[in-house]
2 protein chains.
Amino acid sequence: MSTEILSSVDNRHKKGFGAISVPERLLLGPGPSNSDPSVLKALALNPVGHLDPFYVSLMGEVQELLRYAWQTDNRLTLPMSGTGSAAMEATIANIVEPGDTVLIAIKGYFGHRLADMADRYKAKVCTIEKNWGEAFSLEEIENAFEKYKPSLFGIVHAETSTGVCQPMNGIGDLCRKHDCLLLLDTVTSLGGVPLYLDDWKIDLAYSCSQKGLSCPPGLGPFSINERAEKKLNNRKGKVPNWYLDVSLLNKYWGSDRVYHHTAPVNMNFGIREALRLLAEEGLENSWARHRSNAEALWDGLQSLGLELHVPIDLRLPTLSTVCIPPGVNGKEFSLHLLNKFGVEIGGGLGDLAGKVWRIGLMGYNSRQENVEKILNLFESELPKFRN
Amino acid sequence: MSTEILSSVDNRHKKGFGAISVPERLLLGPGPSNSDPSVLKALALNPVGHLDPFYVSLMGEVQELLRYAWQTDNRLTLPMSGTGSAAMEATIANIVEPGDTVLIAIKGYFGHRLADMADRYKAKVCTIEKNWGEAFSLEEIENAFEKYKPSLFGIVHAETSTGVCQPMNGIGDLCRKHDCLLLLDTVTSLGGVPLYLDDWKIDLAYSCSQKGLSCPPGLGPFSINERAEKKLNNRKGKVPNWYLDVSLLNKYWGSDRVYHHTAPVNMNFGIREALRLLAEEGLENSWARHRSNAEALWDGLQSLGLELHVPIDLRLPTLSTVCIPPGVNGKEFSLHLLNKFGVEIGGGLGDLAGKVWRIGLMGYNSRQENVEKILNLFESELPKFRN
């Protein structure tokens, strides 16, 4: 036995923690949402090797079902082995080369994050901004294109920080006309909101597992089309990020199945089940379900005298921002719902901190009983927090 | 309803896949290893929010138990939200600045990966190399220090590609003497092999969840001490990797719990249970168990006339490399074990491709019954593959 084993072990950090016991939560915030019970069951299956023939065929199924969910034929459609933010960074890291002009449309927290990431990859970052709660018009985007002549344009489809759904009509054509790649954040839209990657001429997209897909957080769906792949293949140097390098990942997720990193196999069991359930329901049905439950929520909140932050034509069905009435401490109210009823809703981020609550009805949680539950809680509990 | 929902959904990628059904595997390859059943149960718990007070306290428990497993007091000890390779890249991305001289000791596949990563972060990368199956002497390392004067030295403690355990005596002192940071890959040693981060004067370390910890792959334990943090804090620019930026992660995993990305909460439920079980067993006991089961495996293989690739004083208890006898097709044999018996063993990588099998006895799988099972299979099945 090695002599090194003879050193004594220090037990100061060896705490006698008990077995894990997790409180039951109904997650009606900005995400994670609750997972479908059969997804949780899939997560707990005995792992297999990441090069096992069974796993290799499961990878193909996950890719195919992701193509369906995103309505794309993109060959390189796969879940990144990290959360949605990793997939977000993957789009930037692979495509941006130092000095590229990148235009980011900022109308909330996640637009700022895209701009931060593009800056780290040494792009010349230009931004256009709107108030948190508004969307961009095609004209505003076109004006910025003429001013900045970007080679990549990034915009958030469903802004989780504001509850706004960006209208996409015409943006893809505009990008083609200006020879610019189009990058779309679909974190809070995939599975819950109409989304057509190919019809909308999206070149790069990313999402997450824990919202419209009803799976726990931990995987970041990513898709890139041939137009964007061409830019990747013509890079002057290596992608400056090893873990997210799509030219390496292509050898594992493409046809060769060459080892890159050890895949998070259990998370992939989970997302495979989540995507299968989405296909079983049918995208149109899932979109319609999200829409009708959101409308019931909006109607109910307005009946209680509450105001929605976003005008109805821009409202996201997956995430609603509710104005905190004057005199109410929003944080105290949401803590009360969490501690007394096990119901999580979100607070505002950035410009909307302290001004709104964020209520998510996403994936498995977009159900009539949850709409009723949260409306009943607002009706019975909110008056206790009014001055 | 938005007009966009009226476009019709394309069902070409909507395949009618059935519910998931995973074959039972005994994973005796280089990892993933099988998970402890109670870890799988923890994975399947209902998720909670990543800012939920319950989750925030669970984060602290995971950090404390990781400190115990690594024998370190490092404040910044946390699981990265990606696999071991993400944690590996985190050590490089945060510490390396363009032009830094980085020395990598390469004696297998993962040394090459470290060098590739350091190159992507624009280090001046110097390497020393040994044959796959050997370790470095202190003198060889010291000579390289005098020649290259590195500011960061990276070495793999437990080379998963060769089965070699690098003796660490004196390396930490050498690094301090030369004012160089010491980065250690502990992917195949954490939990299974004696390892003392602080006593050995390791400045940066990373590992994975799916080997000695008996948890599925998906998290990358990471630790950095104050000496390395100082270099991070004095960087001229932002860390060129947003997802792995420890200065941002510090605000979430440090004291403030400021939102960075949505944590993979269920994977953290799993690793918390895995680390709790390790503490319950006791590190010394886990190390001794790995050692005695490995010795039984080595004895048994040698009794069958098989040769181990690594001399006994350098052999890893967690992963053994077995020479493929002349005339045997190694890949056909391992496929036979997988398909007929559900037992996975690994093949060789890089310089050892086609030359060795890799047998892992890690974490939950380091058990006498597994030693007996794999020895019985070698005894009964291997003769069928000899010419």
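Which domains does the domain assignment of chain A give?

1. The assignment, automatic or from a database, gives domain 1 (26–32 + 283–385) and domain 2 (37–279) in chain A. Please keep in mind that this is a predicted model, where local features need pLDDT of at least 70, side-chain atom pairs count only at pLDDT 80 or more, and totals for chains, interfaces and linings use all residues. Residues are numbered from 1 along each chain as written, and chains are lettered from A in the order in which they are written.

2. In chain A, the C-alpha centres of domain 1 and domain 2 lie 27 Å apart. Contact here means C-beta atoms, placed from the backbone, within 7 Å; 26 residues of domain 1 of chain A touch 26 residues of domain 2 of chain A. On the domain 1 side, α10(A) provides the largest share, four residues.

3. Chain A has 12 helices and 14 strands, which are DSSP runs (H or I, at least four residues, for helices; E, at least two, for strands) numbered from the N terminus.

4. Buried residues make up 57% of the 387 residues in chain A, a residue being buried if 20 or more other C-beta atoms, placed from the backbone, lie within 10 Å of its own.

5. Over in chain B, helix α9 (residues 265–281) is mostly covered, with 15 of its 17 residues buried. After α9(B) comes G282(B), with a positive phi near 95°.

Terms used
The expected span of a helix is 1.5 Å times one less than its number of residues. A residue is buried if 20 or more other C-beta atoms lie within 10 Å of its own, exposed if 12 or fewer, and partly exposed in between; C-beta atoms are placed from the backbone. Two residues are in contact if their C-beta atoms, placed from the backbone, lie within 7 Å.
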